[in-house]
Amino acid sequence: MADGDGSGAAAAAAASPPAPTPGLSPPPGWRERLRAGLAGTGASLWLVAGLGLLYALRVPLRLWENVAAVTIFLNSLTPKFYVALTGTSSLISGLIFIFEWWYFHKHGTSFIEQVSVSHLRPLMGGTESSIAEPGFPSSSRESETSKQNLSECKVWRNPLNLFRGAEYRRYTWVTGKEPLTYYDMNLSAQDHQTFFTCDTDFLRPSDIVMQKAWRERNPPARIKAAYQALELNNDCATAYVLLAEEEATTIVDAERLFKQALKAGETIYRRSQQCQHQSPQHEAQLRRDTNVLVYIKRRLAMCARKLGRIREAVKIMRDLMKEFPPLTMLNIHENLLESLLELQAYADVQAVLAKYDDISLPKSAAICYTAALLKTRTVSDKFSPETASRRGLSTAEINAVEAIHRAVEFNPHVPKYLLEMKSLILPPEHILKRGDSEAIAYAFFHLQHWKRIEGALNLLQCTWEGTFHHVSVYPKKELPFFIHFTAGLCSSTAMIALLTHQFPEIMGVFAKAMALKVTISLVWRQAPY
């Protein structure tokens, strides 16, 4: 507050109760303390109540007599029964172990722990609040960090994905194999329906046809539906988009169709802007038309990049980022980074990284490894492992090595593709952040930029082999407790079954001795003091 408002602030402070100190919560009242104490001791109360109920009903239920009868029954059992019992226990625990192992490798967590936390913990009085309270900024920071880690490990649309008709289909023509999986194409179909459809499509017959086209699995059927939409409305931008993506067999043909889509898309976008405040449906239609326009301009920029008109592509991308800054989820800056690297405009690359290499934004292999490439570029031409081992690393070399460390920690799969230890394939349309698919997509487009800088791959190899050569998957997850527990239970019961089968007399004596010990213990507890 300005100094001139000091009297007003003092009056307001005198009239209102004192505000709590930032970072500290106000002292809890007796009700809050009681509720917290009850929640913390919920499990103990349940246990004590159960034991008390068992002790109170010991006489009506004749627990001691029943236990003694069970003990006598166990003494009369033969070793064959113990062999069958331990063998069955080993089989069941082995099946549970196999299921836990499969579930952990598929979902990354233990099934038993997940069920315990989801269903048993609330019954035991333990709760977890997902919303941070105002008095605890550290909790909010932890929740933001967990959300960021979650966003880093999800499936994203590849910002540099190829054209289906002009690029992916070439592979099919040559090899007779499909370059994309059904799962990948299904995700793309979902993206198309999200970006290119809305609730007001029923107002335009061409949009109704395109809704069906985006859901169609068969490419010829989609292309046929796009032509039907153009017959109904010659300005259907999404129909031109579909034809440019899937029917055009060259980048030149795709660019021609995208220019027709741009002309139609701009007309529809201006019309939607004029009607956006009339109703929520018109606002949804504007969002859809905005997505269509941004998608068209982005693909036109990618066409210009592939046809060698790199400066034109850079201009289109910069204009897109200025005109539609909220659409950062489309990762247009990664397209811009690749084009600027092709121009060798390293100062502009550094400026883009300074804006998007931020802790609050989701990371990617393109950002981390491009930052490492810029640091490596300053020292790679003079770097030598023998010289570095004798005199040590300079400050610039340490910065480059640390940048490579950071990049490899984010995605350890990339170096094998950059060093050509693994062969490259066509990148998919969707990538898993920090996964092998992201490494393929990055190396497919950026390997040439690393090769262009002398010594960059040598420094990457020396740093990677010296530090991260044994890293295979990041983050490395430890096996859950219940996998160890079920494995130990299966092994121990199997060993007991084998010993009982091989030495029935000795194991029978041991079992009877244990039963006798339990009986004596129960009788001693039942005796009056």
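Is Thr249 buried, exposed or partly exposed? Thr249 is partly exposed, because its relative accessible area is 32%, and partly exposed covers the range between buried (under 20%) and exposed (over 50%), with a 1.4 Å probe and protein chains only. The model is a predicted one: local features need pLDDT of at least 70, side-chain atom pairs count only at pLDDT 80 or more, and totals for chains, interfaces and linings use all residues. Residues are numbered from 1 along each chain as its sequence is written, and side-chain values use heavy atoms, with hydrogens and water left out.

Thr249 sits in the loop between α12 (237–246) and α13 (251–275). Helices are DSSP runs of H or I with at least four residues, strands are runs of E with at least two, and both are numbered from the N terminus. Beyond its neighbours within four places in sequence, Thr249 contacts Gly165, Ala166, Arg169 and Trp173. Contact means heavy atoms within 4.5 Å. Arg169 is 80 residues away along the chain, yet its C-alpha atom is 7.8 Å from that of Thr249.

Now the whole chain. It has 25 helices and 2 strands. Of its 529 residues, 38% are buried. Among contacts with a separation of 6 or more, 69% join residues 24 or more positions apart.

Next, the interior. In soluble globular proteins, nonpolar side chains tend to be buried together. Here the largest nonpolar core holds 93 residues. Such a core is a set of buried Ala, Val, Leu, Ile, Met, Phe, Trp, Tyr and Cys residues joined through side-chain atoms within 4.5 Å. Met210, Phe258, Ile296, Tyr369, Leu418, Tyr442 and Trp450 have the most contacts inside the largest core. Helix α14 (residues 280–306) gives the most to this core, with 10 residues. A separate core of 5 residues includes Leu160, Leu162, Leu180 and Phe445.

Met210 belongs to the buried residues of helix α10 (residues 205–215), together with Ser206, Asp207, Val209, Gln211, Ala213 and Trp214. The buried residues of α10 pack against α9 (182–196), α11 (219–232), α12 and α14. Leaving out residues up to four places away in sequence, Met210 touches Ala225, Ala226, Ala229, Cys236, Thr238, Ala239 and Leu242.

How do the helices pair? The axes of α14 and α16 (residues 332–343) come within 11 Å and cross at roughly 15°. Axes are lines fitted to C-alpha atoms, for helices over the stretch in contact, and angles run from 0 to 180 degrees between N-to-C directions. That angle makes α14 roughly parallel to α16; under 35 degrees counts as roughly parallel, over 145 as roughly antiparallel. The contact residues divide into 3 nonpolar, 2 polar and 4 charged. Ala, Val, Leu, Ile, Met, Phe, Trp, Tyr, Cys and Pro count as nonpolar, Asp, Glu, Lys and Arg as charged, and the others, Gly among them, as polar.

Helix α16 also meets α17 (residues 346–356), where the axes come within 9 Å and cross at roughly 160°. The two are therefore roughly antiparallel. This contact has 9 nonpolar, 1 polar and 1 charged residues.

Finally, take Leu459 in helix α23 (residues 456–467). Leu459 is buried, because its relative accessible area is 1%. Not counting residues up to four places away in sequence, Leu459 touches Thr376, Val379, Phe383, Ala400 and Ile404. Leu459 and Asp381 lie 78 residues apart in sequence and 9.3 Å apart in space, C-alpha to C-alpha.

Terms used: Angles under 35 degrees count as roughly parallel, over 145 as roughly antiparallel, 65 to 115 as roughly perpendicular and the rest as oblique.
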